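Colleague: I would like to learn how to read surface and pocket features from a model. Could you take me through them one at a time?

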Amino acid sequence: MNAVMRFCSRWRTIAGLFSHFMHRRRFFLAPLLLVLLLAAVLLVLTGGLADVAPFVYTIF
């Protein structure tokens, strides 16, 4: 149950951030958000493996 609450809390944060950018018309930040989202998905899918870390570091 605790994991579900954490997931909902994170989703609410992401939805709030997206809503903020849509409301304020900050579309020029979309590429930044896209890169951060892709890096997060990569880290989540791989479980933060040490083999992936050099590739993420080169992005930033």
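Modeller: Start with the accessible surface. This is a predicted model, and its accessible surface comes to about 5500 Å², with 72% of that belonging to carbon and sulfur atoms.

Colleague: What percentage of the residues count as buried?

Modeller: Buried means under 20% relative accessible area. Of the 60 residues of the protein, 8% fall in that class.

Colleague: Which elements does the protein have, and in what order do they run?

Modeller: The protein has three helices and zero strands. From the N terminus on, the order is α-α-α.

Colleague: Which residues form a nonpolar patch on the surface?

Modeller: Leu34, Leu37, Leu38, Val41 and Leu45 form one, and together they have about 520 Å² of accessible area. Leu34 sits in helix H2, which covers residues 30-46.

Colleague: How do I read a pocket?

Modeller: Rolling a probe the size of a water molecule over the atoms shows where empty space is left. Here the largest pocket has a volume of about 630 Å³. Its lining counts 18 residues, and Ile14, Leu33, Leu36, Leu37 and Ala40 are the closest to its centre. Helix H1 (2-24) and H2 are the elements that each give two or more residues to this lining.

Colleague: Which element gives the largest share of that lining?

Modeller: H1 does, with eight residues.

Colleague: And what is the lining of the largest pocket like by class?

Modeller: In that lining, 16 residues are nonpolar and two are charged, with no polar ones.

Note on methods:
Residues numbered from 1 in each chain as written. Predicted model: local features only at pLDDT ≥ 70, side-chain atom pairs only at ≥ 80, totals over all residues. Heavy atoms only, no water. Patch = residues over 30% accessible without salt bridge, like charges linked within 9 Å, V, L, I, M, F, W, Y side chains within 5 Å. Areas by Shrake-Rupley, 256 points an atom, 1.4 Å probe, with all protein chains shown as cover. Salt bridge = Lys/Arg side-chain N within 4 Å of Asp/Glu carboxyl O. Helix = DSSP H or I, 4+ residues; strand = E, 2+ residues; numbered from the N terminus. 1 Å grid on protein atoms, 1.4 Å probe; cavity = no way out; pocket = protein on both sides within 12 Å on 5 of 7 lines; lining within 4 Å. Points joined across faces, edges and corners; volume = space filled by probe spheres on them. Nonpolar A, V, L, I, M, F, W, Y, C, P; charged D, E, K, R; others polar. Buried < 20%, exposed > 50% of the residue type's maximum accessible area, 1.4 Å probe, protein only.
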